[in-house]
Amino acid sequence: LSSLQRVELWAEGAVGKVHLELKSVSAVPAAPHPNSTPLLTVSSPAALAAAAAPAAATTASRTATRPPAPFGTCSGAVQKQLRFGISGREQPTVPVPLPATESLAEAVCCDNRTVAYAEPRFLYQAPDIALYSRLDAGVTTFYDSVCGLPLFRAPLNRSLAAFKADTDEHGWPSFRTAEVVAANVVTDVKSGLVSSRCGTHLGSYLPDGAGPRWCMDLSCIAGSPAGSPASQGTAVTAAA
């Protein structure tokens with residue numbers, strides 16, 4: 001239990017819904033003292049998000065690992081220092097067998113073996129991410145996590161509250177037409193797959209009653225502008 005870093009629940013399906021009521025998740029020592037209390041107790045969505053937070057990040061010393069050639073789709077390595085705390089997510093937490101050396105961003109944004117999956121829902125609410133507390137004043141520009149192209153600017157033509165409501169309803173950062181940098185975002189309206197002009201997988205196109213909607217993996221839109229010091233990648237190890 002001393003190395004427990006994350007608790008996650010995942011449900012995937014083609015049709016229908018999954019309803020899960022989680023009352024608590026607890027962990028106690030193997031031989032607890034009579035007066036001991038649980039080391040970990042999760043009793044709400046917010047607490048579950050807290051349990052998903054990783055231990056102290058070690059990104060400064062981490063060497064990036066790009067997916068092997070048959071599976072890699074990105075034009076280069078994921079940026080070393082991603083915004084919004086995403087660089088701290090060093091494990092590929094998707095239901096696909098992948099090398100443990102791939103980070104969440106490398107797996108979700110650059111490995112086509114995960115194309116049918118997304119980063120964990122409500123990742124942006126986890127305490128190590130806390131997206132809303134990291135947004136710029138006014139309008140925030142979201143950049144490609146690999147090449148640094150500007151992809152989305154939000155909120156535009158709506159309030160910040162509306163952007164948050166859209167995002168909270170779906171579980172991933174959600175953008176409307178006016179917020180898309182169309183020159184840099186490639187949308188396949190038939191398959192619903194969305195990628196950047198430089199090949200980074202970004203998320204899904206999921207229109208609703210209010211019109212077109214782009215539901216993105218924060219991991220893939222957490223870069224810094226191309227050419228900025230923060231956008232410079234780290235050394236890349238080719239995966240076998």
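I began with burial: 44% of the 240 residues in the protein chain are buried (under 20% relative accessible area with a 1.4 Å probe, protein chains only; exposed is over 50%, and partly exposed lies in between). I kept in mind that this is a predicted model, where local features need pLDDT of at least 70, side-chain atom pairs count only at pLDDT 80 or more, and totals for chains, interfaces and linings use all residues. Residues are numbered from 1 along each chain as its sequence is written, and side-chain values use heavy atoms, with hydrogens and water left out.

Next I looked up the secondary structure, and I found four helices and eleven strands in the protein chain. These are DSSP runs numbered from the N terminus, helices being H or I with at least four residues and strands E with at least two.

Then I turned to strand β8, residues 193–196.

- β7 (residues 185–187) runs antiparallel to β8, joined by three bridges, and Val186 stands opposite Ser195.
- The β7–β8 hairpin has five residues between its strands, and Gly192 in the turn has a positive phi of about 85°.
- β9 (residues 201–205) is also antiparallel to β8, with three bridges; there His201 is the bridge partner of Ser195.
- The β8–β9 hairpin has four residues between its strands, with Gly199 in the turn at a positive phi of about 95°.

How values were computed
Pairing = 2+ DSSP bridges.
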